[in-house]
Amino acid sequence: MALCPSELVKCRLQAMHEMEASGKIAIGQKSTVWTVVKTVLKTDGPLGFYQGLTSTIVREIPGYFCFFGAYELCRTKFAQYKGTDKDSIGILPLMFSGGFGGACLWLTVYPIDCVKSRIQVYSLAGRQEGFMKTFMGVIRTEGFTALYSGLTPTMIRTFPANGALFLAYELSRKFMMDTAGY
């Protein structure tokens, strides 16, 4: 519920330039976070921020199952290999585990994310279709591979980003546990 509004604004900002060029929205519209927020509120009200909510939920549940599952599985395998516990595998294996978790998330949910983003962008032009209609439309007009357009930069980004994320999480958790005396 908290993620969908920011996803909607992000997707619309990313697509505005292309939509202006194709004539789907008026040329010269300012493309800032606040203009998108005001436009959504003006045209669709507060519930307008939840266009694509079902797709966001469909993406998040399996995505985070894979994210945390792959992270924990990878840490467990490193711990077994090194003959230690998961908290003592070291910084590089920890970061690799985070990157691996992120890669598993995106490999699993990328087509869903593609459809979610299109739903959120299409709603800008007043075209609101459901998940299955949008999914089938992409496959029919652009082919199955269009659902993976942009996956390579996402995968390149996910390893260092999620490696750093889990490193920060584990170091923060360890610091707080040590400080609390656990």
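The protein chain exposes about 10,800 Å², and carbon and sulfur atoms supply 68% of that area. These values come from a predicted model. Of the 182 residues, 42% count as buried.

Charge comes next. The chain carries 19 positive side chains and 13 negative ones. The centres of these two sets lie 4 Å apart.

The fold is built from helices. There are 6 helices and 0 strands in the protein chain. Read along the sequence, the pattern is α-α-α-α-α-α. The radius of gyration is 20 Å, well over the 16 Å that the globule rule gives for 182 residues, so the chain is more spread out than a compact globule. Along its principal axes, the C-alpha trace spans about 60 × 40 × 25 Å.

Contacts reach across the sequence. Take those between residues at least 6 apart in sequence: 71% of them join residues at least 24 apart.

How far can the model be trusted? The protein chain averages a pLDDT of 90. A score of at least 70 is reached by 94% of the residues.

Where pLDDT is low, the predicted coordinates should not be read in detail.

Conventions:
Residues numbered from 1 in each chain as written. Predicted model: local features only at pLDDT ≥ 70, side-chain atom pairs only at ≥ 80, totals over all residues. Heavy atoms only, no water. Helix = DSSP H or I, 4+ residues; strand = E, 2+ residues; numbered from the N terminus. Rg over C-alpha atoms; globule rule 2.2 N^0.38 Å. Buried < 20%, exposed > 50% of the residue type's maximum accessible area, 1.4 Å probe, protein only. Contact = heavy atoms within 4.5 Å. Areas by Shrake-Rupley, 256 points an atom, 1.4 Å probe, with all protein chains shown as cover. Lys, Arg positive; Asp, Glu negative; His and termini not counted. Charge placed at Lys NZ, Arg CZ, Asp CG, Glu CD. pLDDT = per-residue confidence, 0-100.
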